[in-house]
Amino acid sequence: MGSGSSGEAARRRRRLQTTIKDSLRELSTQLSVLNHQVGARLDLKDSDFDCLDLVNQHGPLSPTALARLAGLHPATVTGVLDRLERGGWVVRERDPADRRAVLVHALRDRIAEVYRLYGGMNASMDELCAGYDEGQLELIADFLHRTTTAGRDATEELAES
């Protein structure tokens with residue numbers, strides 16, 4: 001009887017893992033649609049919006065570092081930065097540590113426009129998180145961090161092959 005129950009437990013675990021993977025795919029799609037809607041409201045192309053988000057999260061960044069993070073060709077990033085700079089979203093400045101290098105900074109007053117458009121989602125997330133205790137939130141945060149790392153690793157692996 002022990003082997004039957006362990007077989008059932010293994011099947012349940014595989015089903016749960018599949019459910020998690022399916023849910024992550026659905027989440028990815030939904031967030032992509034949300035990001036597209038926000039970008040459209042701001043009159044930004046998807047790749048421009050993605051780069052703006054990366055600069056806002058990780059900046060200031062060199063154009064080369066931004067290209068690497070975005071998975072884009074450096075020449076493509078140059079065009080993206082030109083559009084973002086013309087739109088008043090970013091500024092390119094000389095790197096104080098190396099006057100030959102350039103760093104891209106997001107302009108905070110414009111980024112506030114982005115945050116306003118995510119207000120509904122952020123309020124929903126706050127409400128959702130309120131239903132979990134601290135230990136559960138720590139587990140969820142750990143899972144999401146590890147999932148992000150796995151995605152980054154898979155992206156780098158594909159880029160190298």
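## Close-up views of a predicted model

Cys 51 is buried, its relative accessible area being 0%. Buried stands for under 20% relative accessible area, exposed for over 50%, and partly exposed for the range in between (1.4 Å probe, protein chains only). This is a predicted model, in which local features need pLDDT of at least 70 and side-chain atom pairs count only at pLDDT 80 or more, while totals for chains, interfaces and linings use all residues. Residues are numbered from 1 along each chain as its sequence is written, and side-chain values use heavy atoms, with hydrogens and water left out.

**View A. Cysteines Cys 51 and Cys 129.** Cys 129 is partly exposed at 33% relative accessible area. Cys 51, by contrast, is buried at 0%. The structure holds zero disulfides; a disulfide is a pair of cysteine sulfur atoms within 2.5 Å.

View B. H2 covers residues 46–58, and H4 covers residues 74–86. Helices (H or I, at least four residues) and strands (E, at least two) are DSSP runs, numbered from the N terminus. The axes of H2 and H4 come within 10 Å and cross at roughly 80 degrees. Axes are lines fitted to C-alpha atoms, for helices over the stretch in contact, and angles run from 0 to 180 degrees between N-to-C directions. H2 and H4 are therefore roughly perpendicular to each other. The classes are roughly parallel (under 35 degrees), roughly antiparallel (over 145), roughly perpendicular (65 to 115) and oblique (the rest). On the H2 side, the contact is made by Ser 47, Asp 48, Cys 51 and Leu 52; on the H4 side, by Val 80, Arg 83 and Leu 84. Contact means heavy atoms within 4.5 Å. By class, there are four nonpolar, one polar and two charged residues. Nonpolar covers Ala, Val, Leu, Ile, Met, Phe, Trp, Tyr, Cys and Pro; charged covers Asp, Glu, Lys and Arg; polar covers the others, Gly among them.

**View C. The crossing of helices H3 and H4.** H3 spans residues 63–70. Its axis and that of H4 come within 9 Å, crossing at roughly 110 degrees. H3 and H4 are therefore roughly perpendicular to each other. Pro 63, Leu 66 and Ala 67 of H3 meet Pro 74, Val 77 and Leu 81 of H4. This contact has six nonpolar, no polar and no charged residues.

View D. Arg 92 lies in strand S1 (residues 90–95). At 25% relative accessible area, Arg 92 is partly exposed. Its side chain makes a polar contact of 2.5 Å with the side chain of Asp 82 and another of 2.9 Å with that of Glu 85. A polar contact is a pair of N or O atoms within 3.5 Å; within protein, one must be able to donate a hydrogen and the other to accept it, and residues adjacent in sequence count only if both atoms are side-chain atoms. Leaving aside neighbours within four places in sequence, Arg 92 also touches residues including Thr 78, Leu 81 and Val 102. Arg 92 and Cys 51 are 41 residues apart in sequence and 14 Å apart in space, C-alpha to C-alpha.

View E. Asn 56 is buried, with 14% relative accessible area. A polar contact of 2.6 Å links its side chain to that of Arg 108. Not counting residues up to four places away in sequence, Asn 56 touches Ala 106, Arg 108, Ile 111 and Tyr 115.
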